[in-house]
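Here are some friendly notes to read beside the model. Take them one at a time, and find each residue on screen as you go.

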Amino acid sequence: MADRQNRKSSRSSLKTAAPETNLADFRVGVDNAIFSVDTELNRLLVLLVMRQEEPFLGRWSLPGTLVRQGESLEKAADRVLSEKIRARNLYLEQLYTFGGPGRDPREAAESYGVRYLSVSYFALVRYAEAELIADGVSGIAWYPVSQLPELAFDHQTIIEYGHRRLRNKLEYSPVAFDVLPEQFTLNDLYQLYTSILG
């Protein structure tokens with residue numbers, strides 16, 4: 001009797017330990033929403049690059065990359081930043097993970113059946129000190145957040161999410177001082193806040 005119960009319990013534990021047959025195969029990328037404030041024109045900007053390959057060839061997108069083997073998410077985010085912009089004062093933090101099914105056309109059934117996950121970061125840089133790097137891209141530009149072109153993937157959603165996070169951070173952290181010059185006027189601070197908060 002005990003032997004039969006042991007065999008039964010071992011069979012049930014085998015059932016629960018069996019591997020899932022429909023687990024998703026993921027590629028992980030990082031997308032950076034790099035914001036800046038043009039205080040002269042009182043507008044919040046985001047850095048966009050033009051895609052050089054499919055999908056969305058020729059469309060504007062956030063600077064991003066797929067994570068390389070043995071590379072951390074932070075290293076991948078830093079790599080993208082260093083390839084696109086030079087800035088002394090740069091605030092960078094992880095924003096959110098976007099992984100809804102169908103967010104990338106490469107997930108189509110006739111494709112490889114691989115899911116594409118995006119771990120997004122957002123940065124805030126000083127506009128006057130930010131030097132854009134055009135190596136290897138035909139298009140790189142600052143766009144006003146209020147006047148964005150049609151974007152690749154779900155990058156519009158990532159920018160909106162990053163903008164909300166930035167507005168919230170202004171309420172409880174000194175992030176604004178990371179992008180103001182060492183000496184600034186109250187008007188400079190006011191322009192920064194009104195540009196980000198709208």
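Predicted model: local features only at pLDDT ≥ 70, side-chain atom pairs only at ≥ 80, totals over all residues.

1. How accessible is Phe56? Its relative accessible area is 22%, so Phe56 is partly exposed: the cut-off for buried is under 20%. Phe56 is found in the loop between E2 and E3. Its phi is near 65°, a positive value in a residue other than glycine. That deserves a second look because most residues other than glycine have a negative phi.

2. As a reminder, most peptide bonds are trans.

3. Now turn to Phe153, in the loop between E9 and H3. Phi of Phe153 is near 55°, which is again a positive value in a residue other than glycine. Is Phe153 buried or exposed? With a relative accessibility of 17%, Phe153 counts as buried.

4. Why look at these two phenylalanines together? A search of the whole structure finds 7 aromatic pairs. One of them joins Phe56 and Phe153, edge-to-face, with 4.9 Å from centre to centre and 75° between the planes. Phe56 belongs to the loop between strand E2 (43-50) and strand E3 (60-61), and Phe153 to the loop between strand E9 (140-144) and helix H3 (155-172), so their pair ties together parts that are 97 residues apart in sequence.

5. Tyr96 and Tyr161 also form an aromatic pair, and this one is tilted: 4.6 Å centre to centre, with 35° between the planes. Which elements hold these two residues? Tyr96 lies in strand E6 (residues 90-98) and Tyr161 in helix H3, so the pair ties together parts 65 residues apart in sequence. Tyr96 is partly exposed, at a relative accessible area of 39%, and Tyr161 also counts as partly exposed, at 24%.

6. Phe98 leads us to Gly29. The two are 69 residues apart in sequence, and their C-alpha atoms are 9.9 Å apart in space. Gly29 is found in strand E1 (residues 26-38). Its relative accessible area is 7%, so Gly29 is buried. Which residues does Gly29 touch, leaving aside those up to four places away in sequence? Its contacts are Thr65, Leu66, Val67, Leu117, Ser118 and Val119.

7. Compare the accessibility of the two partners: Arg106 is partly exposed, with a relative accessible area of 25%, whereas Asp104 is buried, at 3%.

8. How many salt bridges are there? The count comes to 12. In one of them, Asp38 meets Arg43, with the closest N and O atoms 3.4 Å apart. Asp38 counts as buried, at 6% relative accessibility, while Arg43 is partly exposed, at 29% relative accessible area.

9. Another salt bridge brings together the side chains of Arg86 and Glu131, at 2.9 Å from N to O. This pair links distant parts of the chain, with Arg86 in strand E5 (residues 85-86) and Glu131 in strand E8 (residues 131-132), 45 residues apart. Arg86 counts as partly exposed, at 44% relative accessibility, and Glu131 is partly exposed with a relative accessible area of 44%.

10. Next, a helix. H2 covers residues 73-84, which makes 12 residues. From its first C-alpha to its last, H2 reaches 17 Å, close to the 16 Å expected at 1.5 Å a residue. Which residues of H2 are buried? They are Ala76, Ala77, Arg79, Val80, Leu81 and Lys84.

11. Last, a point from a record. An unreviewed UniProt entry lists residues 172-198 as "domain: AraR-like winged helix DNA-binding". In the model, the chain over residues 172-198 is 48% helix and 0% strand. The end C-alpha atoms of that stretch are 17 Å apart.

Terms used: Residues numbered from 1 in each chain as written. Heavy atoms only, no water. Helix = DSSP H or I, 4+ residues; strand = E, 2+ residues; numbered from the N terminus. Expected span 1.5 Å × (residues − 1). Buried < 20%, exposed > 50% of the residue type's maximum accessible area, 1.4 Å probe, protein only. Phe/Tyr/Trp six-rings, centres within 6.5 Å; stacked < 30°, edge-to-face > 60°. UniProt positions renumbered as here; feature names shortened; annotations may be inferred. Contact = heavy atoms within 4.5 Å. Salt bridge = Lys/Arg side-chain N within 4 Å of Asp/Glu carboxyl O.
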